[in-house]
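Welcome! Take a moment to look over the sequence and the 3D structure, and then let us walk through them together.

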Amino acid sequence: MKRRAYLAAVGSATAAGLSGCTVLGFGSDGGGDYDIGMSANAFRPDTYEVSVGDTVVWRNTSSRGHSITAYEDNIPEDAEYFATGGHESQSEAENAWTDSRSGNIQRGETFEHTFEVPGEYGYYCIPHVPQGMDGTIVVTE
């Protein structure tokens, strides 16, 4: 009986000690490094700052499928459009999602984009934008 009590205490202490290990970039989902995680209905963090030339990595850390889709009207004028699935416009990404779920990122999968133009970039998850799943990348020089 004492062994069970000891194991229960060690297990509780270990769980408490590891409870902070789900910080972005070191998630318990077995993933590697990433900058922005995707929960059920949110990007974590929802605003992220980088320098020109930096690459941002998103990882789906939830059990739901997600997309990363730039708002065409909310990126700098000379910036390259970005969306999961390699779509070249917001309407193309939305239509492809509706037709075939193109651009869907499953649990543990990643998407990355390199930002070459300073400014603010607004983006969203197509199926979860009604729940407020959008974010902002701030690119500084």
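## A first look at the chain

The protein chain has 141 residues, and 36% of them count as buried. Please keep in mind that this is a predicted model. Its accessible surface comes to about 8,000 Å², and carbon and sulfur atoms account for 47% of that area.

What secondary structure does the protein chain have? There are 2 helices and 8 strands. Reading from the N terminus, the elements follow one another as α-β-β-β-β-β-α-β-β-β. Contacts also reach along the sequence: among those between residues at least 6 apart, 61% join residues at least 24 apart.

## Two open sheets

Strands of a sheet pair through backbone hydrogen bonds, in either a parallel or an antiparallel way. Let us see how that works out here.

Strand E1 (residues 36-38) runs antiparallel to E2, and 2 bridges join them. In that pairing, Met38 has Phe43 in E2 as its bridge partner.

Glu120 is part of strand E7, and across from it in E8 stands Val138. Which residues is Glu120 in contact with, leaving aside its neighbours within four places in sequence? They are Asn74, Ile75, Pro76, Thr136, Ile137 and Val138. Ile75 is 45 residues away from Glu120 in sequence, yet their C-alpha atoms are 6.1 Å apart in space.

In soluble globular proteins, nonpolar side chains tend to be buried together. In this model, the largest nonpolar core has 26 residues, and those with the most contacts inside it are Phe43, Trp58, Ile68, Phe82 and Ile137. Two or more residues each come from E1, strand E4 (55-60), helix H2 (90-100), E7 and E8. E7 gives the most, with 3 residues.

Which residues of H2 are buried? They are Gln90, Ala93, Ala96 and Trp97. Looking down the axis of H2, these buried residues fall within an arc of 135 degrees, so they line one face of the helix. Their packing partners are E5 and E7. Thr98 and Asp99, on the other side of H2, are exposed. After H2 comes Arg101, with a positive phi near 60 degrees.

## Rings that meet

How many aromatic pairs does a search of the whole structure find? The search finds 10.

| Aromatic pair | Arrangement | Centre to centre | Angle between planes |
|---|---|---|---|
| Trp58 and Phe82 | stacked | 6.0 Å | 25 degrees |
| Phe82 and Phe115 | edge-to-face | 5.4 Å | 80 degrees |

Why do these pairs matter for following the chain? Trp58 lies in strand E4 while Phe82 lies in the loop between E5 and H2, so their pair ties together parts that are 24 residues apart in sequence. Phe115 is in the loop between E6 and E7, so its pair with Phe82 ties together parts that are 33 residues apart in sequence.

Trp58 counts as buried because its relative accessibility is 0%, and the cut-off for buried is under 20%.

Finally, ring pairs link Phe43, Trp58, Phe82, Phe111, Phe115, Tyr121 and Tyr123 into a cluster. Phe43, Trp58 and Phe82 are also among the residues with the most contacts inside the largest nonpolar core.

Definitions and conventions: Residues are numbered from 1 along each chain as its sequence is written. This is a predicted model: local features need pLDDT of at least 70, side-chain atom pairs count only at pLDDT 80 or more; totals for chains, interfaces and linings use all residues. Side-chain values use heavy atoms; hydrogens and water are left out. Two strands pair if DSSP finds at least two bridges between them. Helices (H or I, at least four residues) and strands (E, at least two) are DSSP runs, numbered from the N terminus. Buried means under 20% relative accessible area, exposed over 50%, partly exposed in between (1.4 Å probe, protein chains only). Contact means heavy atoms within 4.5 Å. Accessible areas come from the Shrake-Rupley method with a 1.4 Å probe; for residues, only the protein chains shown count as cover. A nonpolar core is a set of buried Ala, Val, Leu, Ile, Met, Phe, Trp, Tyr and Cys residues joined through side-chain atoms within 4.5 Å. The arc is that of the directions from the helix axis to the C-beta atoms. Rings of Phe, Tyr and Trp (its six-membered ring) pair if their centres lie within 6.5 Å; planes under 30 degrees apart count as stacked, over 60 as edge-to-face and the rest as tilted.
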